[in-house]
Amino acid sequence: VTDKINALPEGANYFSLEFFPPKTSMGFANLQVRLERMSQALRPLFVTVTWGAGGSTATKSLELAEICQRQLGLTTCLHLTCTNMSRALIDEALEQAKVLGIRNILALRGDAPRSEEYRDDTQLPEDDSNKDFTWAIDLVTYIRKQYGDYFCLGVAGYPEGHADESHPEKQDPKFDLPSLIDKTKAGADFIMTQLFFDVEAFDSYEKMLREHESGVFKTIPIIPGLMPIQSYQILRRTSKLSHARLPEGLLARLDAVKGDDELVKQVGVKILSELVDHIKPRPSVARRGFHFYTLNLEKVVSHILESCHLIPPTLIAEDEEAIATTPAINL
Ligand code: FAD
């Protein structure tokens, strides 16, 4: 991922898309067709595949990652959580990823098993009370120790602070700073953020990191995580789960149309496009990326990408141009 980011010209923008593994083979077949369409039409720099806490979706996550990386040729980043995961399971996942040609891992702690799966509703397995890994840094350190620089590693960042229901008073980005410094020093190559709608929270988060006296965040890619608004109910549910603040102005715009799903989507595309346009122009950031939590849905994210001019030109068009401007071929 970071090689691809660094190969972009200065001032370029890029984006990535997140997908979760469907539960059924029919779901997989449908998603595969959609992924083919999306990868050709939208051309993300990379895609990411979620991982169910405790390894609950291990087989299916790897299956989806294989489709993305091998069958569709997309640069794929596999999410991997470590809490309630045995070392054997982590080793197996990393070995499998390697076999599939995957070079990118988003190293996460994950949450203790709960009834609600990460952006999905898959059943969770029994807690195996594993004690090898407690925090995401344990996983970053382990992967670096076992695999050196083979994997490009991403870690999670929280512009509005990490929401831990048992310590709501600690939901403050400053509280997470020491652990983010540690994760970065231990070998993280990029930071991908939790979804947010409060763009000012992201602004001050990025400023805090870039200006941090340790200097560890000076150049590391900080990729803002954005969730397209698919419906009023989904927005309410996901923002509650992730503890993302919904600014009043945004809510007022959506409240005004909440009875009409199509209008909610249209207003949502405008809201997300404004967020992207606000974040885009940063002289301090050589190449600005955006990560979209697609919820495996296609239309809304496509509209946002089109409206923000984030879709890169096709390779074919570039090839044709190169051919047309090659004197030998013109003759
Ligand atoms: P950590 O970096 O370990 O931090 C978790 C919290 O613990 C923070 O508040 C931190 O400040 C604190 N902390 C860290 N180290 C210490 C320490 N030594 N002592 C005390 N406190 C400490 N979950 C999934 O299950 N599957 C996914 O696919 C998934 N994908 C995600 C993708 C992104 C981009 C993001 C932002 C989150 C994702 N999550 C996923 C959710 C994530 O697993 C949870 O938010 C989890 O609670 C924290 O993970 P972390 O990697 O941030 O943990």
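Helix 6 contributes the most residues to the shell around the ligand, 4 in number. Helices (H or I, at least four residues) and strands (E, at least two) are DSSP runs, numbered from the N terminus. This is a predicted model, in which local features need pLDDT of at least 70 and side-chain atom pairs count only at pLDDT 80 or more, while totals for chains, interfaces and linings use all residues. Residues are numbered from 1 along each chain as its sequence is written.

At least two residues of the shell come from each of strand 3 (76-81), strand 4 (104-108), helix 6 (173-185) and strand 6 (190-195). There are 23 residues around the ligand, and those that come nearest are His-79, Arg-109, Ala-136, His-162 and Ser-179; a residue is near a molecule if its C-beta atom, placed from the backbone, lies within 6 Å of it. By type, the shell holds 10 nonpolar, 8 polar and 5 charged residues. Here Ala, Val, Leu, Ile, Met, Phe, Trp, Tyr, Cys and Pro count as nonpolar, Asp, Glu, Lys and Arg as charged, and the others, Gly among them, as polar.

The protein chain as a whole has 13 helices and 8 strands. Of its 331 residues, 39% are buried, that is, with 20 or more other C-beta atoms within 10 Å of their own, the C-beta atoms being placed from the backbone.

The largest nonpolar core has 82 residues. Such a core is a set of buried Ala, Val, Leu, Ile, Met, Phe, Trp, Tyr and Cys residues joined through C-beta atoms within 7 Å. Helix 10 (residues 261-279) gives the most to this core, with 6 residues.

Note on methods. Buried ≥ 20, exposed ≤ 12 C-beta atoms within 10 Å, placed from the backbone.
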